[in-house]
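Colleague: I am new to this structure, and I would like to learn how to read its features one at a time. Could you take me through a few of them?

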Amino acid sequence: MSGRADLAHAEDWIRAHVEPMGPIETAHDRPWATVLRVPVADGVAWFKACAPVQAFEPRLTAELSARYPDRVAEVLGYDEERAWLLLGDAGTPIGAFGNPPGTWLMVLPLYAEMQRGEAAHTQDHLAHGVPDLRVATLPARYDDLVGRELPLEREEIDRLRAFAPRFAELCDELVARDVSETVQHDDLHMSNVYAQGEQLRVLDWGDSSISHPFVSLVVTFRFLEEVTKLPPGDPWFARLRDAYLEPYGRGLEGAFALSMRVGAVAHAIAWLRQRDHLPAMERTEFDQWFRIVLRRAIAQPT
């Protein structure tokens, strides 16, 4: 938050929705959002003030929570104009348990069902600011990406530029598979899925977009490789793919493989939105992670 006055207004707003039982404290303050921890009688609530880059998040979260209260955190209050959000506690991130693949077997079908249901609301979400990364828009966005100054070596940038025609073909192929585009989280990893007893919920929708649903698993699979140390050919990946696809029906393995190739690039494109809103002093650290995302996009088979 930008200052003490804003913090005071936020605390007044919080008190209109819950009764704090102790000091309201800053959990973290980042360029894209400030999060406050609010102790309440039965545990804790969480206040989030979103920066303009993800101002759509409070309303999107409230819409999802209303339709899927068993899969998204409880929304205690939100202010769309001020981009404020107040959530009930959702438990513990599954990363605290080591990001077990078995937990994702339970999470992914629930998430896929939610995506299928949200396909009916895509136009409404777009009208309220959820970023548009539908597959047909990606070739033009790719041209923008490769025209930027990127934190890569010259040879890597040349490879990205040379890939542009093939990327456009892959996008056309994916569109032709005719899977309805919908909300996709785009940051679906072990720090954004919470467990509370047997209840599993997806939080932190500020990186979301309207896009091909299957590309959500680009991030999930990346963290299973990097954190859980599953090798790329591990049988868990096929099991998780199949669990995710089950609500969509049979015969979609080819579309899924294609979506992962397109999605690795789409994920890099999505990072530009955050990068463009960062102060210059914040970009050096950001680019350390952006470089990893870009290199994973380059490394995907064509």
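Predicted model: local features only at pLDDT ≥ 70, side-chain atom pairs only at ≥ 80, totals over all residues.

Colleague: Which residues of helix α5 are buried?

Modeller: Helices are DSSP runs (H or I, at least four residues), numbered from the N terminus, and buried means under 20% relative accessible area with a 1.4 Å probe, protein chains only. In α5, which spans residues 138-146, the buried residues are L138, Y142, L145 and V146. Seen down the helix axis, their directions from the axis to the C-beta atoms fall within an arc of 85°, so they line one face of α5.

Colleague: What covers the buried residues of α5?

Modeller: Contact means heavy atoms within 4.5 Å, and the cover includes α6 (154-162), α7 (164-176), α10 (253-276) and α11 (280-299).

Colleague: How many disulfides does the structure hold?

Modeller: A disulfide is a covalent bond between the sulfur atoms of two cysteines, counted when these lie within 2.5 Å. The structure holds 0 disulfides; C50 is buried at 9% relative accessible area, and C171 is buried at 1%.

Colleague: Where is E156 placed, and which residues does E156 touch?

Modeller: E156 lies in helix α6 and is buried, with a relative accessible area of 12%. Leaving aside residues up to four places away in sequence, E156 touches R295 and I298.

Key: Residues numbered from 1 in each chain as written. Heavy atoms only, no water. Buried < 20%, exposed > 50% of the residue type's maximum accessible area, 1.4 Å probe, protein only. Helix = DSSP H or I, 4+ residues; strand = E, 2+ residues; numbered from the N terminus.
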